[in-house]
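Let us walk through this structure together, one step at a time. Please have the sequence and the 3D view ready.

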Amino acid sequence: MIYNCKYISGVIQQEYMSKPFNVVQFGFGSLGKSIAMAIINRSNLHLVGLIDIDPEYVGKNVEDVLSISGDTKTKIYPNLDSLLKVVKSPIDVSVIATSSSLKVVKPSIIESMRAGMNVISICEELSFPFNRHPKLSVELDSKAKELNKTVLGTGINPGYLMDLLPIVLTAPCQTVETITVTRHMNSSHRRFSFQKKIGTGMTQNEFRKNIDEGHITGHVGLVESIRMIDSALNLGLDKIEELPPEAVVADEAIANSFATIKKGNVLGLKSTGLGKKNGKTVVRLDFLAYAEADPQYDEIVIEGLPKIHQRIEGGVQGDYSTIAMILNLIPMLGSTGPGLVTMKDIPVPRNTERIFKN
Ligand SMILES: NC(=O)c1ccc[n+]([C@@H]2O[C@H](COP(=O)([O-])OP(=O)(O)OC[C@H]3O[C@@H](n4cnc5c(N)ncnc54)[C@H](OP(=O)(O)O)[C@@H]3O)[C@@H](O)[C@H]2O)c1
C-alpha cells in the first residue's frame with residue numbers, strides 16, 4: 001500500500017507501508033539461539049517459527065528458552081511439516097543453521113524451497129559447493145530454478161573475510177600475482193561449540209586422534225574459500241589443498257570460561273589452505289584460532305599492481321558477524337536470480353537493517 005511520495009533528485013519515489021520479511025529458522029544450537037534472538041530484535045524481519053530436532057526444545061517458545069520479555073511467542077517445531085500446519089502466512093526465507101555438511105542440510109533446503117521460500121544457510125560446504133559436491137550442486141541449482149527460488153551459503157568465514165573481501169579488494173589492481181589472507185583470533189571470545197571443534201583443552205594426542213577420526217572438524221571452509229576466489233578471478237589453480245590442522249599448544253596453564261588448559265595442552269589450532277598453479281602458491285589462507293591469541297587481526301595482502309595491504313585491527317568477531325551476515329543477506333535474496341548462488345554472485349553485500357519488504 002502506497003502511503004507517501006518523496007521527490008529526491010528529480011525522481012518521484014513512492015513509499016510503501018513497511019513490511020518485514022517472514023522467516024523460519026532450522027537449528028537452535030549455540031549459534032542458532034543467537035540468530036533467533038537477533039531476528040526477533042530486528043524490525044525488518046519476523047521469525048514465524050523455529051525447527052529443531054532436539055526434544056529438549058520442541059514445543060517450547062523461543063522467547064521463553066531465551067528469557068526474552070515481550071509480546072511475541074515463537075514456537076519450536078520438530079519439522080517443517082508441523083510448522084506449516086500452524087503457520088498460514090506466506091514465508092519468505094528459510095534460515096538453516098544446523099550443520100557444516102551439505103548432505104545433512106540438503107533435505108531442509110529442498111523442503112523449504114518446495115514450501116515457497118528462498119534459502120540462506122551458514123553451512124560451510126554450501127558457500128562454494130560445486131567441487132566437493134558436484135552432483136548435489138547441480139541438483140540444488142536445478143530444483144531452485146524450477147521453483148524460482150534462491151539458495152545461498154553465507155557466513156563470515158567462509159562467506160566473507162577469506163573469500164569475498166579479498167575478491168573485492170582486487171578491483172583496483174591492474175595485475176594480481178598472489179593473495180594471502182590471515183585470520184588471527186582469540187577463541188576464548190567465541191561460542192563453546194567453536195572452542196570445542198578446535199580442540200581447546202585437549203592433550204596433543206587427543207587433538208590428533210579427534211581430528212583424524214573426524215570427532216572434531218577444526219575450521220571448515222578454507223578449500224571452499226579458495227575455490228570461490230579462483231572462480232571469481234579465473235586464476236586457473238591446478239591444485240587446491242588444506243594442510244592437516246596443527247595444534248597450538250599452551251606455554252603455560254591458562255583458564256577461560258570454556259576450559260582450563262594445562263601447560264602443553266591444546267589452546268586451539270592453525271589451519272592452512274593453499275591454491276597453487278604450476279607448483280607456485282597463488283592463494284594462501286592461514287586461519288589461527290586459539291585461546292588468548294593476541295593481537296587479533298584479519299589481514300589481506302595482494303601482491304600486484306598496485307599492492308594492497310588491508311589489516312582489520314582487532315579482527316571481526318566471528319559469532320556476531322556470522323549472525324550479521326544472515327540478517328543482512330535475508331532482504332537481498334529476492335534481488336538475486338533463481339538458482340544456487342554464492343556470495344560472489346549477489347549484489348554488493350551491505351547492512352540491510354532499514355530495508356523492508358516492499
Ligand atoms: N559459515 C560460517 O561463517 C559459519 C560460522 C559459524 C557457524 N557455522 C556453522 O553453522 C552451524 C551451526 O552452528 P552451531 O554452533 O549453532 O551448531 P550446534 O550448536 O551444533 O547446533 C546445531 C543445532 O541444529 C540442530 N539440528 C541438527 N539437524 C537438524 C535438522 N535437520 N533440523 C533441525 N535442527 C537440526 C541440532 O540438534 P542436535 O544437537 O539434537 O543434533 C542443534 O540443536 C555449524 O555447522 C557451524 O559450523 C558457519
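Start at Ile-156: one of its backbone N or O atoms lies 3.0 Å from an oxygen atom of the ligand. A polar contact here is a pair of N or O atoms within 3.5 Å; within protein, one must be able to donate a hydrogen and the other to accept it, and residues adjacent in sequence count only if both atoms are side-chain atoms. Now look at Ser-193, where a polar side-chain atom lies 2.9 Å from an oxygen atom of the ligand. For Lys-197, a polar side-chain atom lies 3.1 Å from an oxygen atom of the ligand. On its own the ligand has 940 Å² of accessible area, and the protein covers 77% of that (areas come from the Shrake-Rupley method with a 1.4 Å probe; for residues, only the protein chains shown count as cover).

A word on the model: it is predicted, so local features need pLDDT of at least 70 and side-chain atom pairs count only at pLDDT 80 or more, while totals for chains, interfaces and linings use all residues. Residues are numbered from 1 along each chain as its sequence is written, and side-chain values use heavy atoms, with hydrogens and water left out.

Next, step back to the whole shell. Of the 25 residues around the ligand, Leu-31, Ser-100, Glu-124, Arg-191 and Ser-193 come nearest (near means that a heavy atom of the residue lies within 4 Å). Helix H1 (30–41) and helix H7 (192–197) each supply at least two shell residues, and H1 gives the largest share, 3 residues. Helices (H or I, at least four residues) and strands (E, at least two) are DSSP runs, numbered from the N terminus. Domain 1 (2–155 + 320–345) and domain 2 (164–315) each provide at least three residues of the shell, with bounds from an automatic or database domain assignment.

Finally, visit some backbone features. Most residues other than glycine have a negative phi, and most peptide bonds are trans. The bond from Asn-157 to Pro-158 is cis, with omega near 5°, and Pro-158 lies in the loop between strand E8 (150–153) and helix H6 (164–169). Another cis bond runs from Asp-294 to Pro-295, with omega near 0°.
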